[in-house]
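Me: I am new to this structure and would like to learn how to read its features. Could you take me through them slowly?

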Amino acid sequence: MSTTVTTPIGNVEPAPKPRTNYLTNGHTLRSWLLTEDHKRIAILYLISVSFFFMLGGSFAGMIRWELTSPAGNILESDAYNRVFTAHGAIMVFLFLLVAVPAVLGNFCLPLMIGAKDLAFPRINLLSWYLYTAAGTLVLISVISGGVDAGWTFYTPYSSLYSNSNVSLCLVGVFIGGFSSITTGVNFIATVHRMRAPGMTWFRMPLFVWAHYATGIIMMLGTPVVAITLLCVIFERTFQLPIFSPELGGDPVLFQHMFWFYSHPAVYIMVLPSFGVISEVITAFSRKRVFGYHFIAFSSLAIAFLGFLVWGHHMFVSSQSMYQGVAFSLITFLLAVPSAIKVFNWTATMWKGNIHLNSPMIYAIGFMGLFLIGGLTGLFLACMGTDVHLTATYFIVAHFHYVMVGGTVMGFLAGLHFWWPKMTGKLFNDNVARWNAIVVFLGFNLTFFPQFILGWLGMPRRYHYYYFAPEYQPFNIMSTLGATVLGVGFIVPVFYLITSLFKGKPAGDNPWGAHGLEWQTTSPPPTENFYYDPIVTDDVYDYDPVAEHEQFLEKQRQLGAHA
Amino acid sequence: MNLANFPFAPPAASNFASEMDTLFYSIFGLSVFFAVVTFFFVVFYAFRYRAGSSADRSSPVYENMKMEVIWIVVPTILAIIFFGWGAKVYADVRIPPKDAKEIYVVGKQWMWHIQHPNGVRENNTLHVPIDTDIKLTMISQDVIHAFYIPAFRVQFMVVPGRYTQMWFRPTQIGTYHLFCNMYCGAQHSEMGGSVIVMSKKDYAEWLANNGSMRQNLTPAQAGEKLFTKIGCANCHGPVDMPPRAPSLAGLYGKTREMTNGQKLLADETYIREAILRPSEAVLKGYDNTMPAYDKQISEDDIMSLIAFIKAGAMPSLPASNLAAGSAGTEAQVKGKAGLNANALEYNAERADATPTERGSSHAVGAMAAEKVDQKR
């Protein structure tokens, strides 16, 4: 293992003082909206996903407030249905599927493998425009009356019975799918073709592996859901007999087609976060990651197996019992690669030199939430208990732990980790640390009571429960937690934006992390590197002892700011 | 707030509950174990190996095949064990016993229609006998619903265009939540009700009574039952029996003279008054003997009684009450038979009509449609 400190994984010539970086290279709106720079596109994505996250979050707040009383507080049933649909559709299609890959992946992936940009820069820009168009259509459908079909759009309710803006919303989601496909294609092509000399497959950071696996799912899965949604639109508009038995269709067919994409889509949301966590844990443990190959291959295993488990959403639909058995078995096996990752991250911390900076606290929080989310998945993979728990609040809690906990904690960990690289500024790390703890506690207070609600039998998507008032205490707890969580999401907006104006210059590598992205300037120049990097060492060759003093010095700089 | 308002587990009221709960708590135990152990190490390492601590960091390990194999093989074995157990429970839930009693369920926006084997119907309430295997055969008339009884640990989707089945054996007498657990539109959260587990005797009685639910009977049928039940039939027979009680057959629409000389038209209001406050106006030729029913019966019941009286036929008096010979016996028999014939005809019409005859656009099966929407 190399003990070189200055150029730990690549031979990069010392960079001259930057005259311009990607942020200062053009200040006009036009220079942003027509940019082909993956870093600028990442910033465009960051702004858009943050907007939709806040919007989806405020719908979540309305849902939680409404449910503090068994008879509802503010909304009529119809309005409530539109609110939870808007919450789900916006969060899933416009935030969770996009946040980590399109923001952090876009920004970091080319830097990490020593590329000047993604393989198809213009397609990358196109993907943001497709995303924006999708977001606009969904937004119009929500504002102009709303959609009440639920984000899963189960037929025949969505195709024949709902008289809300289902088609418009589906067109939005359909277009958003192309954004996802183009991003996936771009990642795969980039990883295959654009790696710097010496960047072999097994020298690639695990973040890149995770995004490679994600790209495969995006590319193979998204077309299926796109076709499915198109079919719903056709059935709605032209009464084509596809999903509705009144017309001669099959309502359960929709579920097969929808989940064939939407289960793997969960991994589009969390696999990129796994990549972030692998980077953060190893960087702040100052230790080479434990079981590199196992983490890398577990990403591919998840991507592969993720396509074979969709039927576990349908144990209580009318799918055959024997089909269910096969899906259940594969689902159980899918728990294994996820477990591999968690165990290897834990082992990475063993004998490390651990710095509890905010990205690391978010990463530890991620592990806590993901453990709970993953393990509660066993109750649902298990066909027996699934019969009782499916479609109750147990499901709501489980997928929020996995998808939201996984994605948001991963996103926040990565955003804090690479913020100095993206902006060139240091943020207030002390506030960020406390905020990470608030988010973790708020999240658990919000969603843990929902496991109990589900076990008690409270169905999801219920507006009222006056006939079952015993559910109220847990709903009140959940709403309290949501309030705490809301604070935890708003505070970072302030200290991160403040850092843009008042933050200290970050320097190239404030965390003392290894990886090509830390060897260029912060913010990086448009071309990413002043000299083409050549990689000569393994990734993550940290030396916890030798680099300790160096890291402490960096910490003093960070601390001085706090 | 007492503890009953703060439950941590649903009631357990079916044959599946105990096995399902054992399975649930086993997975729960396993999960707690793995979560606690793993997160303990995460937090412990974060503290033990925090920057600057004097912990031993010599000879760190980066790859260890033995550890990897252990934490791949152990979870895999556990996964297969719990898969098998879960699949076994699932098979039990899915395969109903051959001799299970079959009850039909139709889901529609936003109500459950349930029909018992002898034709008794009810909405949003399912009465079942304890310790009896019950098989539900279910279909939806519009969108997908899901029939969910948390206390029984069973649910299954109710799909338009195909029949689905679920079964259970209730083990505890009581009333339990019934939910629709698949989002189905505006009133999704109100599409539920109760499952009432009765003793076998009570259930048999309930079933023989044509169900206690009013909507299974025409108002006249309900009125006839009530007429006997609250004692009207003890005095009001098919023929007049002065001075005890007049017959009510053919009463409706006639003008009658009272003891005080008033002439009153026997319309709805008159009948209602005569039931609630009979002594206010006593029919000429009869004694003031009838008890007042004011505050004794509901408006609903009065409506039924009026409907029954309007229908015209009166049940015969109980033998012990027959004071005046056998006059009118023929009429009694005819009247009684006529009424029963009506009821039979009514049931037969509902049972035999094909969906098309009932004007259904959703011709999905004999259970598929109701002639009249019974919106709540």
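Reply: We will look at a pocket and then at a strand.

Reply: This is a predicted model, in which local features need pLDDT of at least 70 and side-chain atom pairs count only at pLDDT 80 or more, while totals for chains, interfaces and linings use all residues. Residues are numbered from 1 along each chain as its sequence is written, and chains are lettered from A in the order in which they are written.

Me: What is the volume of the largest pocket?

Reply: Rolling a probe the size of a water molecule over the atoms shows where empty space is left. A pocket is an open set of points on a 1 Å grid over the protein atoms alone, where a 1.4 Å probe fits, with protein on both sides within 12 Å along at least five of seven lines; lining residues have an atom within 4 Å of a point. Here the largest pocket has a volume of about 870 Å³, and of its 37 lining residues the closest to the centre are Ala60(A), Gly61(A), His87(A), His400(A) and Phe447(A).

Me: Which residues of strand S5 of chain B point one way, and which the other?

Reply: Strands are DSSP runs (E, at least two residues), numbered from the N terminus, and buried means under 20% relative accessible area with a 1.4 Å probe, protein chains only. In S5(B), Ile134(B), Leu136(B), Met138(B) and Ser140(B) point one way, whereas Lys135(B), Thr137(B) and Ile139(B) point the other way, and all are buried.

Me: In which sense do S5(B) and strand S8 of chain B pair?

Reply: Two strands pair if DSSP finds at least two bridges between them. S5(B) and S8(B) pair in the antiparallel sense over five bridges, with Trp167(B) in S8(B) as the bridge partner of Lys135(B).

Note on methods: Heavy atoms only, no water. Points joined across faces, edges and corners; volume = space filled by probe spheres on them. Buried < 20%, exposed > 50% of the residue type's maximum accessible area, 1.4 Å probe, protein only. Helix = DSSP H or I, 4+ residues; strand = E, 2+ residues; numbered from the N terminus.
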